[in-house]
Amino acid sequence: MASPSATTIASPSSSGSGITERRGIPGAQFVEDVQTYLNQIGLDVTSALAVLQERLQQYKLVEMKLLAQQRDLQAKIPDIEKCLDVVATLQAKKGTGEALVADFEVAEGIYSRASIEDSDSVCLWLGANVMLEYSCEEATALLQKNLDNAKASLEVLVADLQFLRDQVTITQVTIARVFNWDVHQRRMRLSPAVKDS
C-alpha cells in the first residue's frame, strides 16, 4: 500500500501527530495547521489534495480486501462449528449400537440419506480436492484448532477494519481542512482587490 506519494503524507511531522501503523496499514496524519503541513511536505494545495485523495483510495482498496476476508471467515466459522457438532454426535452414538441417520448433499439440490454405524474415524475435506481420514479425537482437535484460529483472525480483522476506518475519517477531515484553507486564502487575496474597486 505504501507508494512514494503515500509515504510523503505520513513522514513530515510524525513526531507530534501520533501517526502509527497497524499490520502494514499506515496511519493518517491529522493536520492542525494547514500552512505548516504544506510547508513540511513541500507541496502546493492541488498536489497535496491529489496525494491525500490517492491515500484515501488506497485505504478504500484495503478496506474492500479486509471486508472480503471478513465475509470469508464469517462463512467459515459456522461450517467448522457444524463439523465439530457432527463429530461430537458420532462420538456420542459410538458404542450405543444405534445407527446415526444423516441426510447429506450429493450435488447442488440433490440429497441422499445415509445410515452411519459405529465409526472410529471421519474424513475431512482439507481443500484443493484433498480429503484425509482422522480418528474422531484427532478430527475434533484439528477442527477446534481451526475454529480458534478463525475466531482469532476475525478479531484481528475487525480491529484492522476499525483502525482503517479511523484513518479514512482522518484523511477525509484533512482533505476538507486543506480545501477549506485554500478557499479561505483565495478569499483573503481577493478581499483587498474588491475593497479597492
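A residue counts as buried when its relative accessible area is under 20%. In this predicted model, Asp 160 has a relative accessible area of 1% and is therefore buried. Asp 160 belongs to helix H5, which covers residues 136–196.

Which side chain makes a polar contact with the side chain of Asp 160? The partner is Arg 23, and the contact is 2.7 Å. Leaving out residues up to four places away in sequence, Asp 160 touches Arg 22, Arg 23, Ile 25 and Leu 66.

## Helix H3 and its ends

Helix H3 is made of residues 34–41, and Val 34, Tyr 37, Leu 38 and Ile 41 in this helix are buried. These residues lie on the same side of H3, because they cover an arc of only 95° around the axis. An α-helix has 3.6 residues a turn, so residues three or four places apart point the same way.

Both ends of the helix have a local feature to note. At the start of H3, the backbone nitrogen of Gln 35 has a side-chain oxygen of Asp 33 within 3.3 Å. Just after H3 comes Gly 42, with a positive phi of about 70°.

## Ser 121 in strand S5

Ser 121 is part of strand S5, residues 121–127.

The side chains of Ser 121 and Glu 133 are joined by a polar contact of 2.5 Å. When residues up to four places away in sequence are not counted, Ser 121 touches Glu 133, Tyr 134, Ser 135 and Cys 136. Ala 139 is 18 residues from Ser 121 in sequence, and the two C-alpha atoms are 8.2 Å apart in space.

## A nonpolar surface patch

Which residues form a nonpolar patch on the surface? They are Phe 104, Val 106 and Ile 110, which together have about 280 Å² of accessible area.

Phe 104 sits in strand S3, residues 100–107. The relative accessible area of Phe 104 is 40%, which means that this residue is partly exposed. A patch residue needs over 30% relative accessible area, and Phe 104 has 40%.

How values were computed. Residues are numbered from 1 along each chain as its sequence is written. This is a predicted model: local features need pLDDT of at least 70, side-chain atom pairs count only at pLDDT 80 or more; totals for chains, interfaces and linings use all residues. Side-chain values use heavy atoms; hydrogens and water are left out. Buried means under 20% relative accessible area, exposed over 50%, partly exposed in between (1.4 Å probe, protein chains only). Helices (H or I, at least four residues) and strands (E, at least two) are DSSP runs, numbered from the N terminus. The arc is that of the directions from the helix axis to the C-beta atoms. A polar contact is a pair of N or O atoms within 3.5 Å; within protein, one must be able to donate a hydrogen and the other to accept it, and residues adjacent in sequence count only if both atoms are side-chain atoms. Patches are made of residues with over 30% relative accessible area and no salt bridge: like charges are joined within 9 Å, nonpolar side chains (Val, Leu, Ile, Met, Phe, Trp, Tyr) within 5 Å. Accessible areas come from the Shrake-Rupley method with a 1.4 Å probe; for residues, only the protein chains shown count as cover. A salt bridge is a side-chain nitrogen of Lys or Arg within 4 Å of a carboxyl oxygen of Asp or Glu. Contact means heavy atoms within 4.5 Å.
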